[in-house]
Number of protein chains: 2
Amino acid sequence: MQMSAETETFVVHFGEMASRWGFNRTVGQMLALIVLSEKPLNADDIAQGLNVSRGNVSMAAKELQSWRLIRVHREPGDRKDYLVANGSIWELAQQVMAERKKREVDPTLSVVRGLLMDFDDSDHSHARAQMQEMNDLLELFTHWFDDVQNMKPDHLKALMKMGAGVGRVLEMTSRLKPGKKDEEA
Amino acid sequence: MQMSAETETFVVHFGEMASRWGFNRTVGQMLALIVLSEKPLNADDIAQGLNVSRGNVSMAAKELQSWRLIRVHREPGDRKDYLVANGSIWELAQQVMAERKKREVDPTLSVVRGLLMDFDDSDHSHARAQMQEMNDLLELFTHWFDDVQNMKPDHLKALMKMGAGVGRVLEMTSRLKPGKKDEEA
DNA sequence: CTGAATTTTCAGAAATTTCTGAAAGTATAA
DNA sequence: TTATACTTTCAGAAATTTCTGAAAATTCAG
């Protein structure tokens, strides 16, 4: 299993970024390798390619599966597990976002919601107000995120390409047909 | 410096989430404490409140300043540094997003761009195609993100509240006035 | 200036995370 | 079945990150 210079650079970079992205170096490098590889790789290919132990590959594979970024493919007559990316770059990115939201946002929304329930009605503390602001922000984000996740990729891409242009179009339409949606913002 | 039970729970939670958010426990707890505190806190307040060393507070303060999440405030006739949040919850969240994008996305876009330049025109490998896809995705994201950052908070909030509704409005307008923007998606 | 109050630094200790590799577990071809 | 080809597990080693606390540096009132 020989890699091109470009692939190697990319794999090493993914290893360096891994900890910032929420996983360890091996997981990062392994994802890069699998994504760039034309053909499915087995655990030995990977252990050899990345110079890590067989056990480490097994653990990293579990981690990547828990993120739903790879799946295993088996050929009849071959006992090896072949690891393949779970979709296009776009789909993998979406999956990473979804998983990170689940791990980085949901627990906090849950805790903040719970705390807000505990406050007495008479409490007018700054702390409570800040928690309420955070709760509102996290709920707004959560609903928006769910919506975005359910959009067709092409629609989403088109929307992103518009960028702030969306705001302009929206202002136009709301000028033509003023509605409820704007007033509470 | 006495904290309420709710504040304590919130601070502890921020400490637990910190590593997932890209900083260490002390930084997370300290941010929580500062955000919830009505009045500015000095380093000793914080060291005592969180049960950590004075040196650790100094390092965490530097880190929070590098994220532009806090700033120091000084009272004339008092030599202490008072640490205060650098804006509302909304502004802090925006700042975290901006900083994370800078640390988690920009370096990769830079590396991928560089690698794409290295490929020979004749290269039709899967690896190259994947890198190109990743480059396109990161550029799309980057431009969208810049646009969003420059929107007025109220416009952005209104847009997020619409969620996927934006897609519907957009389809409507493009049906009325079919343009260039959609065809390449 | 001087010196007391404060912040910063950083070497090494402590805590945490990651990795290895041998042993145990599992699946399947024969 | 059984033998074998593989995967998983996990105790402890290695690497990395975080934290402490004392010493150095800085700041500023007098």
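User: What area do chain A and chain B bury between them, and how is such a value read?

Analyst: The size of an interface is often given as the accessible area lost when the parts come together. Buried area is summed over both parts and uses a 1.4 Å probe. In this predicted model, chain A and chain B bury about 5600 Å² between them, with 74% of it on carbon and sulfur atoms. On the side of chain A, A:Glu6, A:Ile89 and A:Met160 lose the most area to chain B, together 11% of what that side buries.

User: How many residues does the contact take from chain A and from chain B?

Analyst: Contact means heavy atoms within 4.5 Å. Chain A gives 57 residues and chain B gives 57 residues.

User: How many salt bridges are counted between the chains?

Analyst: A salt bridge places a side-chain nitrogen of Lys or Arg within 4 Å of a carboxyl oxygen of Asp or Glu. The count between chain A and chain B is 2. One of them is formed by A:Arg100 with B:Glu104, whose closest N and O atoms are 2.9 Å apart.

User: What pLDDT does chain A average?

Analyst: pLDDT is the predictor's confidence in each residue, from 0 to 100. Chain A averages 91, and 91% of the residues score at least 70. Over residues 178-185 of chain A, the pLDDT is below 50; this stretch has 6 contacts in the model beyond near neighbours in sequence.

User: Which conventions apply here?

Analyst: Residues are numbered from 1 along each chain as its sequence is written, and chains are lettered from A in the order in which they are written. Local features need pLDDT of at least 70, side-chain atom pairs count only at pLDDT 80 or more, totals for chains, interfaces and linings use all residues, and side-chain values use heavy atoms, with hydrogens and water left out.

How values were computed: Buried area is the accessible area (1.4 Å probe) that two parts lose on being put together, summed over both.
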